[in-house]
Amino acid sequence: MPSRRIFSALVAVIPAVLSAQSTPAATLVLTPAALEAAARQIVASVPYPTFITTDANGHPQARTVQPLAPDSSWAVWFATNPRTRKVAEITRHPHVVLHYFDPVTQSYVALTGRARVVRDGPTKAAHWNPQWSTFYPDRDTSVVLIVVQAERLEVVSAKLGVEGDKATWRPPTLRLRRKRPAK
């Protein structure tokens, strides 16, 4: 029977030993601050993320946008034509994703949150990117801003030591704020 106990002990220990050998130390301890710092680094390297909404039939709709950098609370602002489909889609279903992918490092951040359309002049002025002026010469009528308030970040970057679960590939996730209860 001693050989059976030794075999059982080996079976219990081998997965942990193999995991420790194949997993970089940086992926074993990932604090929220480190995950957020990695997310900010990736986002800063992507000037044109993909903005994903849901249409009236429940289908995802994706397009490229040129946002400002996220603020300290992970609010992200960008401009659009008020007659675009994304404005109607946000009004109907505000849950959205901004997906930032850096092809150089094969890293990404999926910023999930709620979007809202902003039409008032003082707020547009406060969050205006001068590069947008070429596309929107009349800020009063030809443009609205969209702000996405992030609720969750998913981050993957082998280069930065941020990797998903080895078995499920589930990415490390940072919850930024609680969702409001449904009314």
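Tutor: Let's take confidence, then the fold, then single residues.

Student: What should I know about the model itself?

Tutor: This is a predicted model, where local features need pLDDT of at least 70, side-chain atom pairs count only at pLDDT 80 or more, and totals for chains, interfaces and linings use all residues. Residues are numbered from 1 along each chain as its sequence is written, and side-chain values use heavy atoms, with hydrogens and water left out.

Student: What is the mean pLDDT of the chain?

Tutor: The mean is 85, and 81% of the residues reach 70 or more. pLDDT is the predictor's confidence in each residue, from 0 to 100.

Student: Where does pLDDT stay under 50?

Tutor: Over residues 1–28, and over residues 179–183. Counting contacts (heavy atoms within 4.5 Å) beyond four places in sequence, the model has seven for residues 1–28 and two for residues 179–183. Where pLDDT is low, the predicted coordinates should not be read in detail.

Student: OK, fold. How many helices and strands?

Tutor: Five helices and seven strands. The order along the sequence is α-α-α-β-β-β-α-β-β-α-β-β. Helices (H or I, at least four residues) and strands (E, at least two) are DSSP runs, numbered from the N terminus.

Student: What share of the residues is buried?

Tutor: 35% of the 183 residues. Buried means under 20% relative accessible area, exposed means over 50%, and partly exposed is in between (1.4 Å probe, protein chains only).

Student: And what about contacts between residues 24 or more positions apart?

Tutor: They account for 64% of the chain's contacts with a separation of 6 or more.

Student: Which residues of α4 are buried?

Tutor: Helix α4 covers residues 85–92, and its buried residues are Lys86, Val87, Glu89 and Ile90. They sit on the same side of α4, because they cover an arc of only 165° around the axis. The arc is that of the directions from the helix axis to the C-beta atoms.

Student: What covers them?

Tutor: Their cover includes β1 (50–54), β2 (60–64), β3 (75–80), β4 (95–102), β5 (107–118) and β6.

Student: Now the largest nonpolar core. How many residues does it have?

Tutor: It has 35 residues, and those with the most contacts inside it are Phe51, Leu111, Val148 and Val155. The elements giving two or more residues to this core are α3 (32–44), β3, β4, β5 and β6. β6 gives the most, with seven residues. A nonpolar core is a set of buried Ala, Val, Leu, Ile, Met, Phe, Trp, Tyr and Cys residues joined through side-chain atoms within 4.5 Å.

Student: What is Leu111 in contact with?

Tutor: Leaving aside neighbours within four places in sequence, its partners include Trp74, Val76, Leu98, Tyr100, Val148 and Ala150.

Student: Different spot. Where is Leu176?

Tutor: Leu176 is in the segment after β7. At 28% relative accessibility, Leu176 counts as partly exposed. Beyond four places in sequence, Leu176 touches Trp74, Ala150, Glu151, Arg152 and Leu153. The C-alpha atoms of Leu176 and Ala150 are separated by 6.9 Å, though the two are 26 residues apart along the chain.

Student: Is Ser157 buried or exposed?

Tutor: Ser157 is buried, with a relative accessible area of 1%. It lies in the loop between β6 (144–156) and β7 (173–175). Apart from neighbours within four places in sequence, Ser157 is in contact with Ile42, Ser107 and Val162.

Student: And His127?

Tutor: His127 is in the loop between α5 (121–126) and β6. It is partly exposed, at 23% relative accessible area. Neighbours within four places aside, His127 is in contact with Leu68, Trp77, Trp132 and Leu145.

Student: Which side chain makes a polar contact with the side chain of His127?

Tutor: That of Trp77, at 3.4 Å. A polar contact is a pair of N or O atoms within 3.5 Å; within protein, one must be able to donate a hydrogen and the other to accept it, and residues adjacent in sequence count only if both atoms are side-chain atoms.

Student: Last topic: backbone angles. What is phi of Gln106?

Tutor: Near 55°, a positive value in a residue other than glycine. Gln106 is in the loop between β4 and β5, and is exposed, at 54% relative accessible area. Trp169 also has a positive phi, near 65°. Trp169 lies in the loop between β6 and β7 and is exposed, at 72%.
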